[in-house]
Amino acid sequence: MTCRSLAAPAALFLLFLAPAAPAADAPAVTGNVAAVSDYMFRGLTQTWGKPAIQGGVDYAQPSGFAAGAWASSVSDRSYPGGSMELDLYASFGRPIDADWSWRAGVYAYVYPGANLSEAGLPSRSLNTVEANAALTWRQFTLKYNRSLTDYFGADTEQGYDGDTHGTSYLQLDAVFPLADAWSLSLHAGHTRYSAQLATALATGARDASYTDTGVTLKYQLATHWSVSGGVTHADDGAFYRRVASFTDASDTRDVGGTRGFVMFQGTF
């Protein structure tokens with residue numbers, strides 16, 4: 001059984017990336033690099049509580065088309081045989097009026113070298129593809145994500161009673177500018193698995209679905225540099241409080257719960 005745990009690349013772009021405005025009708029290419037104390041995604045740690053190095057590049061056209069790539073170090077305790085996550089994504093969106101806009105796209109999470117066979121299980125990739133659609137009103141964004149593949153390898157080989165195609169994530173994000181160079185980001189989301197464990201855990205838990213929340217405070221140090229600190233919380237402790245490492249079954253960790261992180265990021 002695996003559990004998905006990282007600090008959402010899409011959320012990082014929405015909450016932390018602030019590129020300069022491009023010239024009218026000119027495509028924009030922006031990039032980012034970051035060091036983070038704990039790589040969190042949807043309330044779960046991707047790095048087993050350890051730091052990560054991250055970076056990416058984005059391309060956007062005035063027509064509304066956008067694409068990019070993003071990478072981060074990850075823990076082989078969650079992704080056996082893997083040490084990196086590579087995200088590839090593309091989307092299209094347009095403004096509706098001065099306050100409203102929409103965007104829809106596809107997002108792929110790729111883990112080079114990672115496979116359940118590295119943990120002595122039947123061969124299984126953990127790569128995942130999601131479709132998504134978002135509606136933004138001023139500083140608020142409501143986004144729906146739906147898995148087009150099994151959700152990070154979760155399937156019958158990991159003890160589920162079926163495949164996890166169609167697992168969904170609904171999220172609401174908001175960013176509030178504060179005085180001077182400060183801003184505050186709020187997040188809430190819910191992951192709904194399309195399958196459950198065939199046999200319950202010792203805690204009695206079978207359903208991996210859970211809700212996560214987060215708050216992040218960002219300070220813009222200079223034009224291209226910022227520092228952020230935040231706290232996230234994921235519920236369903238019965239499922240996530242004692243997750244076993246793929247590399248050592250006796251090594252367990254609470255991958256959810258309440259966790260803090262600090263990020264130092266540069267954009268260009």
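Which residue stands opposite Trp137 in β8? Trp100 does. The legends below describe a predicted model, in which local features need pLDDT of at least 70, side-chain atom pairs count only at pLDDT 80 or more, and totals for chains, interfaces and linings use all residues. Residues are numbered from 1 along each chain as its sequence is written, and side-chain values use heavy atoms, with hydrogens and water left out.

**View 1. Twelve-stranded barrel.** The 12 strands close into a barrel in the order β1-β4-β5-β6-β7-β8-β9-β10-β11-β12-β13-β16, with antiparallel pairing. Strands (E, at least two residues) and helices (H or I, at least four) are DSSP runs, numbered from the N terminus. Two strands count as paired if DSSP finds at least two bridges between them.

**View 2. Pairing of β7 with β8.** These two strands pair in the antiparallel sense over 10 bridges. Trp100 and Trp137, the latter in β8, stand opposite each other.

**View 3. Salt bridge between Asp99 and Arg138.** The two side chains meet at 3.3 Å, N to O. A salt bridge is a side-chain nitrogen of Lys or Arg within 4 Å of a carboxyl oxygen of Asp or Glu. Asp99 lies in the loop between β6 (84-95) and β7 (100-110) and Arg138 in the loop between β8 (128-137) and β9 (140-147), so the contact ties together parts 39 residues apart in sequence. Asp99 has a relative accessible area of 30% and is partly exposed. On this scale, buried means under 20% relative accessible area, exposed over 50%, and partly exposed in between (1.4 Å probe, protein chains only).

**View 4. Salt bridge between Arg124 and Asp155.** The side chains meet at 3.0 Å, N to O. Because Arg124 lies in the loop between β7 and β8 and Asp155 in the loop between β9 and β10 (168-177), the pair ties together parts that are 31 residues apart in sequence. Arg124 and Asp155 are both buried. A network of salt bridges links Arg124, Asp150, Asp155 and Glu157.

**View 5. Salt bridge between Asp161 and Arg206.** The N to O distance between these side chains is 3.6 Å. The pair links distant parts of the chain, 45 residues apart: Asp161 is in the loop between β9 and β10, and Arg206 is in the loop between β11 (182-192) and β12 (210-222). Asp161 is partly exposed at 47% relative accessibility, and Arg206 is partly exposed with a relative accessible area of 31%. The structure holds eight salt bridges.
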